[in-house]
Amino acid sequence: MTVSSSARPIPDLSYKPGLQRNLLSRLLTLIAGLFSAICVLPLVLVLAYVLIMGGGKISLALFTQLPPPPGLEGGGIGNAIIGTIIVSIIAGLIAIPVGVGGGIFLAEYSKGGSFAQFIRFGTNVLSGVPSIIAGVFIYGIIVSTRIFFGNSYSALAGGIALSILMLPTVIKTTDEGLKLVSDDLRRGALGVGASRFVTIVRITLPTAFTPIATGVVLSIARAAGETAPLIFTALFSPFWPEGIFNPIASLSVLIYNFAIMPYQAQNELAWAASFVLVVFILAMNLFARWLGRFAAK
Amino acid sequence: MSPDTEEQYLLRRRPASEKLVDVGFKNLAIALASMVAIVLFAILVVVFWGSLDSMGRYGWKFLVTSNWNPVDDEYGAFTAIYGTIVTSLLSLAIAVPLGVGTAVFITENIIPRRIRDVIGVMVELLAAIPSVVLGLWAIFVLEPFIRPFLNWLNQAFGWLPIFSSAPMGPGMAPAILILVVMILPIITAIARDSLNQVPIKLRQAAYGVGTTRWGAILNVILPAAVSGIVGGVMLALGRAMGETMAVTMIIGNSNNFSWSLLAPGNTIAAMLANQFGEADGSQVSSLMYAAFVLIVLTLAVNVFAQWLVKRLSLKY
């Protein structure tokens, strides 16, 4: 054995940049870097355009006035801002209790049975349903049947459509947030004589508050930016909101309507509305990110 | 929780009111969880019910004819179905290499951690930009920018059916590009998670036998993570098929069938967004039929994706 090793030359282990395989490796690294740059580019470009085209239009009038009739100058998007807030609140009021309740069932009560598996599977499937289908669905059962006092298009219908899109996110984050809570806490609470209900409401839910809140904030941000389910449930209104049983304006539908109009004033308002919407959504995202980091400490 | 811990909870005698609250809360939670199943089922029933009229009248011909004429009550959704499938598959073909390449770039220790994190956050924020804002950007920035290039494609390769028409603003090609932007974050995020799950030992072993970085990535790490990546790609495909606003704003919403990618086209989702508000009578039913086709397509893709992720999860 020792004889053969003395005959073998000592391999040169130093890195040779000129080798073909090392050159190929560097080339591929360069390509991957290029791909990342291409990935990041749209965000930078979209943000830059929204900031430049929309940021210049920011004024007090933008927030306090109604949009002008087609072809006229001036005006603002006040009704759409309020409308977006109203519709998002309606969606949250429906989706948060239902989603948190469903998440509590999955994390606290189900013991991995077939029903819980089915609900988890259903949650994943529902999160893959295209957003426009939520609009078609609500159109079919609420708008076309005129359930609400004979009114067809309404803010309420829009909010319900958005809540369908929020539901899977809220359920999933509640389920996962509650699963992170240590079982010792539950045993401790139950050990000092708390009931199941008190344990969940007073101990486990508050402990899991941050991950759940993060998920809720993200789902609200997503709902606020949704357009497809609103264009034929909440429709649009050029006036101030007239209650939740009437059509209502929203930023996203305003952007859609005004972007495809052949008038420059309307196009500019679409950019301004995009600015407001994007700033709101990015702020919500950064807030959720901060919440998450806050919890990790 | 295991059954033996459960017994300990019962040591204390519980008043009837407490039991009632407990049982009531549990049933409430079950009822709320059931909402998911109920909503999903209701969506299928409502859309199917709404499309019955059109299904009975046009049957299978609805799927293979492309005559969409509300005036004569003639409906065929082939243009939209073709558009849905072509735009989503082509956008996938572009987004997969970009997304997976980015994921490799930000997981494989190529660049400092801080830059990696910045790229990761930026890709996630890109996913948060509303579809309608991307559509606005596509109309006023992207489409005018790429039009000269599309013109060149038409002049140089016009003999190919897919480049046979001159670009005139909105069309399939810009819609595909904006879809790429929308599904890139999904692919990147899922590919990154899958790559992060590949055990460090596999990498160490690969480098230990003297491979280069890309030798390890291509022969060891990517094959180990491929199941998760494929699952993510399928989810992205489902998303691309159902994506509505950005596509509606830039695809041109033409019901005339054309093989050309440079011509205006349509997708099912865009058709719904465009026509539902002012439709009535048999047009509503036909749109519901198209919506039903879209649901079936996206559900099939999503269920297959979930099965794939579960079935092919890492075996290391």
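Predicted model: local features only at pLDDT ≥ 70, side-chain atom pairs only at ≥ 80, totals over all residues.
Residues are numbered from 1 along each chain as its sequence is written, and chains are lettered from A, and ligands numbered from 1, in the order in which they are written. Local features need pLDDT of at least 70, side-chain atom pairs count only at pLDDT 80 or more, and totals for chains, interfaces and linings use all residues; side-chain values use heavy atoms, with hydrogens and water left out.

**View 1. Chain A is built from 12 helices and zero strands.** Helices (H or I, at least four residues) and strands (E, at least two) are DSSP runs, numbered from the N terminus. Along the sequence, the pattern of chain A reads α-α-α-α-α-α-α-α-α-α-α-α. The radius of gyration of chain A is 27 Å, while the globule rule gives 19 Å for 297 residues, so chain A is more spread out than a compact globule. That radius is taken over C-alpha atoms, and the globule rule is 2.2 Å times the number of residues to the power 0.38. The C-alpha trace of chain A spans about 100 × 65 × 35 Å along its principal axes. Of the 297 residues in chain A, 51% are buried. Buried means under 20% relative accessible area, exposed over 50%, and partly exposed in between (1.4 Å probe, protein chains only).

**View 2. Chain B also has its own count of 12 helices and zero strands.** The radius of gyration of chain B is 25 Å, whereas a compact globule of 316 residues would have one near 20 Å. Its C-alpha atoms fill a box of roughly 75 × 65 × 35 Å, taken along the principal axes. Buried residues account for 54% of the 316 residues in chain B. Take the contacts (heavy atoms within 4.5 Å) in chain B between residues at least 6 apart in sequence: 73% of them join residues at least 24 apart.

**View 3. Chain B meets chain A through 78 residues from chain B and 83 residues from chain A.** The two chains bury about 7100 Å² between them, with 79% of it on carbon and sulfur atoms. Buried area is the accessible area (1.4 Å probe) that two parts lose on being put together, summed over both. The rule finds one salt bridge across this interface. A salt bridge is a side-chain nitrogen of Lys or Arg within 4 Å of a carboxyl oxygen of Asp or Glu. Here the side chains of B:E124 and A:R289 meet, at 2.6 Å from N to O. Helix α2 (residues 16-58) of chain B gives the most to the side that touches chain A, with 19 residues. That side of chain B divides into 55 nonpolar, 16 polar and seven charged residues. Ala, Val, Leu, Ile, Met, Phe, Trp, Tyr, Cys and Pro count as nonpolar, Asp, Glu, Lys and Arg as charged, and the others, Gly among them, as polar.

**View 4. A:E268 and A:K57 form a salt bridge.** Their closest N and O atoms are 3.9 Å apart. A:E268 lies in helix α12 (residues 264-296) of chain A, and A:K57 in the loop between α2 (20-55) and α3 (60-64), so the pair ties together parts that are 211 residues apart in sequence. A:E268 is partly exposed at 28% relative accessibility. A:K57 is partly exposed too, at 26%.

**View 5. A:D175 pairs with A:R120 in a salt bridge.** The closest N and O atoms are 3.0 Å apart. The pair links distant parts of the chain, with A:D175 in helix α7 and A:R120 in helix α5 (residues 114-128), 55 residues apart. A:D175 is buried at 5% relative accessibility, whereas A:R120 is partly exposed at 26%.

**View 6. A:A157 sits in helix α7 (residues 155-179) of chain A.** This residue is buried, at 0% relative accessibility. Leaving aside neighbours within four places in sequence, A:A157 is in contact with A:I138, A:I142, A:V143 and A:T233. A:A157 and A:V87 are 70 residues apart in sequence and 9.0 Å apart in space, C-alpha to C-alpha.

**View 7. B:Q275 belongs to helix α11 of chain B, and B:D280 to the loop between α11 (268-275) and α12 (282-311).** B:Q275 is buried, at 12% relative accessibility. Beyond neighbours within four places in sequence, B:Q275 is in contact with B:W68, B:N255, B:Q283 and B:L287. B:D280 is exposed, with a relative accessible area of 57%.
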